[in-house]
Amino acid sequence: MSRAPQASALYDIPGPHARRRHLLYGVLSTVVILGIAAWILYLLLDTDQFTAVKWRPFLYEGIQELLLEGLGNTLKAFALAAVFSLALGAVLATGRLSDHRPVRWVATLLVEFFRAMPVLVMIFFIFVALKVQPLPALVAGLTLYNGSVLAEVFRTGVHAVPRGQGEAAYALGMRKTQVMTWVLVPQAVRAMLPAIISQLVVALKDTSLGYLITYEEFLHAGKLIASDLDYDLPFIPVVLVISPIYIGMCMLLSWFATWVARRERRDPRTKGVDVAPAAPVITLPGRE
Amino acid sequence: MDVLTENFSLYGEGFLGTLELTVYASALALALGFVMAAFRVAPVGSFRVFGTVWVTVLRNTPLTLLFFAVMLGLPRFGIVLPFELFAVLALGCYTSAFICEALRSGINTVPVGQGEAARSLGMSFTQTLGAVVLPQAFRSVIPPIGSTLIALAKNSAIAGAFSVTELLGTYKTLSELGYNIIWTFVWIAVGYLIITLSISAVFNVMEKRWGVAR
């Protein structure tokens with residue numbers, strides 16, 4: 001990429017002399033990076049990762065089916081978790097925006113608690129202590145966590161709609177439910193769509209936690225193949241096959257979020273809703 | 001209730017394990033994240049590409065997969081390290097991508113004019129960076145870095161499932177000893193709450209003291 005750097009507070013747009021210097025740095029660093037890549041390749045070759053026996057399993061139909069089944073299970077868990085999280089998020093957000101103090105307190109307590117807990121602890125608790133099957137346990141854990149994060153996303157979205165909109169709706173004689181469902185929520189959801197999709201990326205990534213509670217998802221299938229003695233324990237080949245698929249799926253969803261964000265920003269209809277830009281979306285199980 | 005008092009040392013060990021993991025991985029994540037952020041705003045193209053690839057790949061990798069690759073894959077290369085070190089590596093590298101993005105967006109919040117003004121006053125690059133740009137960037141990144149480190153502390157639970165001594169892992173021993181599983185988990189939850197809430201409190205103080213008023 002020889003694109004000129006964007007104007008930043010750090011540098012002036014470089015002149016001819018600086019550009020030559022940068023070119024030199026670029027060449028040098030490329031050599032170093034290629035060197036590291038070559039070293040990794042050497043490690044791979046040196047430890048015989050490309051011998052036929054290690055890659056043979058991927059030729060067998062049974063093993064391909066095993067992987068596909070795992071991928072299917074991953075997507076199944078993701079789809080369920082996504083739907084339930086959105087629903088729980090809506091319920092909790094409604095609770096937090098309620099006019100009744102006890103409802104608000106309960107919703108706030110739930111949201112804060114589930115956001116502060118590691119997802120894995122919740123999943124293990126449901127799986128071990130409540131003795132639930134792996135799939136429901138995984139989906140429940142993901143739902144509780146992502147649902148409460150989404151609740152906060154919805155809530156910030158509603159708060160970000162200019163106050164006048166709600167006031168105008170009330171002045172027209174609408175009731176709170178009407179104001180919410182007809183005026184505030186549609187705008188909030190539109191503006192927060194990128195953040196919502198990014199949270200779904202988190203849910204997709206976290207389905208791999210199912211591996212730890214013996215849910216037969218993609219990584220689990222990989223582990224089964226990787227620890228097969230007949231194929232000389234093909235750990236590295238399995239990682240090399242599985243990671244691009246996992247990363248690719250998440251990347252597609254992330255890109256979709258960025259694309260939606262960019263489209264929203266261009267759309268004149270969203271100009272009225274001056275919501276905090278969802279551009280630097282942090283796709284991380286964290287607290288905002 | 002007895003679970004805690006009778007197994008205080010076991011819980012303590014797990015708690016310290018989680019704490020240690022969090023501290024070391026945070027240090028690694030902050031250092032690596034800083035380097036990657038510098039790469040991503042560097043004027044040299046290949047640095048930027050490297051930083052972008054690092055962040056994009058790690059941000060879209062499930063952490064469990066990363067742990068799997070590091071803990072079970074690296075030994076196949078003949079790289080055998082203690083599990084704790086592997087865990088710190090996986091957690092630190094993963095989180096560095098998020099730290100990098102937080103830092104970069106912090107640098108981007110500094111208006112271009114600030115840098116231009118500094119340069120027109122004749123400040124050198126180091127002066128511009130150290131006296132004008134970084135102090136402002138630092139202030140605006142306190143909250144996102146705080147939430148990233150809280151996420152790191154929570155993510156460290158995954159290391160327990162990969163046989164690193166930490167808080168979540170204590171449930172196994174305790175359930176084998178026949179303790180009430182619900183109470184076992186209650187105290188694990190309390191342990192995590194103590195850690196995450198402390199980080200959050202520290203960052204709240206920092207934000208109050210140095211944060212940007214908006």
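Me: As I understand the term, helices (H or I, at least four residues) and strands (E, at least two) are DSSP runs, numbered from the N terminus. With that in hand, how many helices and strands does chain B have?

Reply: Before we start, this is a predicted model, where local features need pLDDT of at least 70, side-chain atom pairs count only at pLDDT 80 or more, and totals for chains, interfaces and linings use all residues. Residues are numbered from 1 along each chain as its sequence is written, chains are lettered from A and ligands numbered from 1 in the order in which they are written, and side-chain values use heavy atoms, leaving out hydrogens and water. Now to your count: chain B has ten helices and zero strands, and its pattern along the sequence reads α-α-α-α-α-α-α-α-α-α. Along the principal axes, its C-alpha atoms fill a box of roughly 70 × 45 × 20 Å.

Me: Which residues of chain B does the "domain: ABC transmembrane type-1" annotation cover?

Reply: A caution on records: UniProt positions are given in the numbering used here, feature names are shortened, and annotations may be inferred rather than shown by experiment. In chain B, the unreviewed UniProt entry puts that domain at residues 15-203. The span is 81% helix and 0% strand, and its end C-alpha atoms lie 21 Å apart. For chain A, the unreviewed entry gives "domain: ABC transmembrane type-1" at residues 71-257. That span of chain A is 81% helix and 0% strand, with 22 Å between the end C-alpha atoms.

Me: And which residues of chain B carry the "transmembrane region" annotation?

Reply: The unreviewed UniProt entry lists residues 21-42, 49-73, 79-100 and 181-206 of chain B. Take two of them. Residues 21-42 of chain B are 91% helix and 0% strand, with the end C-alpha atoms 31 Å apart. Residues 181-206 of chain B are 100% helix and 0% strand, and there the ends are 38 Å apart.

Me: Now burial. Is L65(B) buried or exposed?

Reply: L65(B) sits in helix α4 (residues 63-73) of chain B, and at 2% relative accessibility it counts as buried. From L65(B) to I99(B) there are 34 residues in sequence and 20 Å in space, C-alpha to C-alpha. For chain B as a whole, 51% of the 214 residues count as buried.

Me: What about D99(A): which residue does it form a salt bridge with?

Reply: K176(A), with the closest N and O atoms 3.4 Å apart. D99(A) is in the loop between α3 and α4 (101-116) of chain A and K176(A) is in helix α8 of chain A, so to speak distant parts of the chain, 77 residues apart. D99(A) is exposed at 58% relative accessible area, while K176(A) is partly exposed at 25%.

Me: And where in chain B are E101(B) and R104(B)?

Reply: Both are in helix α5 (residues 83-108) of chain B, and because they are three residues apart there, about one helical turn separates them. E101(B) counts as buried at 14% relative accessibility, and R104(B) is partly exposed at 23%.

Me: Last one: which residues form the positive surface patch?

Reply: Patches are made of residues with over 30% relative accessible area and no salt bridge, joining like charges within 9 Å and nonpolar side chains (Val, Leu, Ile, Met, Phe, Trp, Tyr) within 5 Å. Areas come from the Shrake-Rupley method with a 1.4 Å probe, and for residues only the protein chains shown count as cover. Lys and Arg count as positive and Asp and Glu as negative, with His and the chain ends not counted; a charge is placed at NZ of Lys, CZ of Arg, CG of Asp or CD of Glu. Here the positive patch is R262(A), R263(A), R265(A) and R266(A). R263(A) is in helix α10 (residues 235-266) of chain A and is partly exposed, at 42% relative accessible area. A patch of negative charge gathers E61(A), E65(A), E69(A) and E216(A) on the surface. Of these, E216(A) lies in the loop between α8 (176-206) and α9 (218-226) of chain A.

Key. Salt bridge = Lys/Arg side-chain N within 4 Å of Asp/Glu carboxyl O. Buried < 20%, exposed > 50% of the residue type's maximum accessible area, 1.4 Å probe, protein only.
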